[in-house]
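This report describes selected features of one protein model. Please examine the sequence and the structure below before reading on.

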Amino acid sequence: MIKNPILKGFYPDPSICRADDDFYMVTSSFSYFPGVPVFHSRDLVNWEQIGHVLDRKEQLHVTYEDISLGIFAPTIRYHEGTFYMITTNMTTHENFFCTAKNPAGPWSDPIIIKEAEGIDPSLFFDDDGKIYFTGTCGFGTDQYILCSEINLKTGQFIGEPWSVGSSAAKNGTSPEAPHIYKRNGWYYRVIAEGGTEHYHAVTVSRSRDIHGPYEDFRGNPILTHRHLGMNYPICNVGHADFVELKDGSWYMVCLGSRLVDGYHKPLGRETFIAPVAWEEDWPVVSPGTGKLEWQYPSPQLESAPVAQVPDHDDFSEGRLRMEWNYLGTPYDEFVSVAPGRLTMKMLPKSLVPWEFEGEVFDFMGHIMKLGHTKESMPFIGKRLKEPDFSVRTEMKAELTDSESSGLVIMQNNAHQLRLEASAVPQDDTKLCFKVMKVVYGLRDGKMHFEETEEGAVLADKAEAYELCIKGHQNRYDFYVKTGNQTITVAENVDGAHLGSEAAGGFVGAYAGLFATANGSRSDHKAWFSYFDLENRS
């Protein structure tokens, strides 16, 4: 069986292509680095990450200033021996594409499409040799889907671009994520509508001419869960991409979120899959039910299991595994890995929101003025993939004054839970371990940033400490172990603020490491001998 989601955790906006017997998929990465993870499968059931498209600093500039800027909605396509990945970087406000002969990399430097505005670009290779660009242009009620012939050698449009319509549903909003397909002489325009939250949907239109006009399907939307209510366990489905198998069968990948203990989505938007049938030359998603199911019969392909990513990471390879991410391009070389140890230099930046023109903000604030910093955020982490998990590390740190280091569960830089160690003033025999809850939200009609202490203990200084956070649905427990003694720092802490429905933005929660001087300059470091992240389904 194919079991949903096929990519668990923060893997939104999936795009898929087939190259002979192999399937490849990419997803959005927003302000995390490296950008655009690449996955491979031979059976649509088992998926393995094989690399990133944007893994070099000269390819990708993103910043910590707003996690939900950066890389939007990549599309991957394969044509005549070459792979193409096209996307938008909202930090730099550019649309671009990269190419590779091997999807595992290396990928080329970005080729900027200077004439392309908007977001969510895609490529379509027609059978007459022409290549077309599609993307979403405009804002609010004026959004529409732009199309243009494009020269992929120069990245320039050929002739004048044109509109291929807007929303295909009555009272539709936010037409995004356009893809063009061709089947039986019909051009199909598939888009996402309704915004990427509860009212998200997928619609389809068709034309005999790529220029249009496009006829909207009377059965639209072809996929949505908005009519199933806010208690249905898979919500906000949409943003789809189709793939045809060798035997002529079709599948669709799309995003959706699993609800956790009520209407909470701490894992963010994940990647799901569904079969597609064709009736009267229109696509029917998940025939018979019309909604995403938890599992489907496998396609008629030979099973191809892949190695599972181990929970235990002792850094024995002397490098970071590809599931690790920085927040923002790491212009400062603050992380180093040697066999058996990860070292973090303490950077001046803290993990909490920044100030800009006297205003504290996080999601989408002043987006046109952001994106210029080349400072680094003192964080490195991995995606959470289940609401029930435990994360552990062994830490040794030099800590004085305002410095702190430890573990963090981060939804964004204004919604997080930290288990941190810090120095005790006027007592160099002990360290203080505390749990800090960070929330940014509406209070008394105004937006406020709050950082509250949920628990604190003192522990005698030791050579190293084991830190542990356990998550169960939206409740969290925090422990410190020194020698044979396990100390409870805080238990049953409410983490409902870590869902995207509360925090805003487009990302999902990470578990990670941090080391910060909290505004000061420091030569101190923190050392971590392992990182265990056990996701329990």
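This is a predicted model: local features need pLDDT of at least 70, side-chain atom pairs count only at pLDDT 80 or more; totals for chains, interfaces and linings use all residues.

## A buried glutamate

Glu270 counts as buried because its relative accessibility is 0%, and buried means under 20%. Glu270 belongs to strand β22, which covers residues 270-279.

The side chain of Glu270 takes part in a polar contact of 2.6 Å with the side chain of Arg258. A polar atom of the Glu270 side chain also lies 2.7 Å from the backbone nitrogen of Gly9. Beyond its neighbours within four places in sequence, Glu270 is in contact with several residues, including Pro5, Tyr11, Cys254 and Lys385.

## Cis peptide bonds

Pro5, one of the contacts of Glu270, is joined to Asn4 by a cis peptide bond with omega of about -10°. Pro5 is located in the loop between β1 (2-3) and β2 (15-19).

A cis peptide bond also leads from Gly105 to Pro106, with omega near 5°. Pro106 is found in the loop between β9 (94-100) and β10 (111-112).

## Positive phi angles

Ala177 is not a glycine, yet its phi is positive, at about 50°. This residue lies in strand β15 (residues 176-183) and is buried, with a relative accessible area of 3%.

Asn236 has a positive phi near 45°. It is part of strand β20 (residues 234-244), and its relative accessible area of 2% makes it buried.

## Nonpolar cores

In the largest nonpolar core, which has 66 residues, Phe433 and Phe478 touch the most other members. Another core lies apart from it and has 24 residues, among them Val190, Val237, Met252 and Cys254.

Note on methods
Residues are numbered from 1 along each chain as its sequence is written. Side-chain values use heavy atoms; hydrogens and water are left out. A nonpolar core is a set of buried Ala, Val, Leu, Ile, Met, Phe, Trp, Tyr and Cys residues joined through side-chain atoms within 4.5 Å. Buried means under 20% relative accessible area, exposed over 50%, partly exposed in between (1.4 Å probe, protein chains only). Helices (H or I, at least four residues) and strands (E, at least two) are DSSP runs, numbered from the N terminus. A polar contact is a pair of N or O atoms within 3.5 Å; within protein, one must be able to donate a hydrogen and the other to accept it, and residues adjacent in sequence count only if both atoms are side-chain atoms. Contact means heavy atoms within 4.5 Å.
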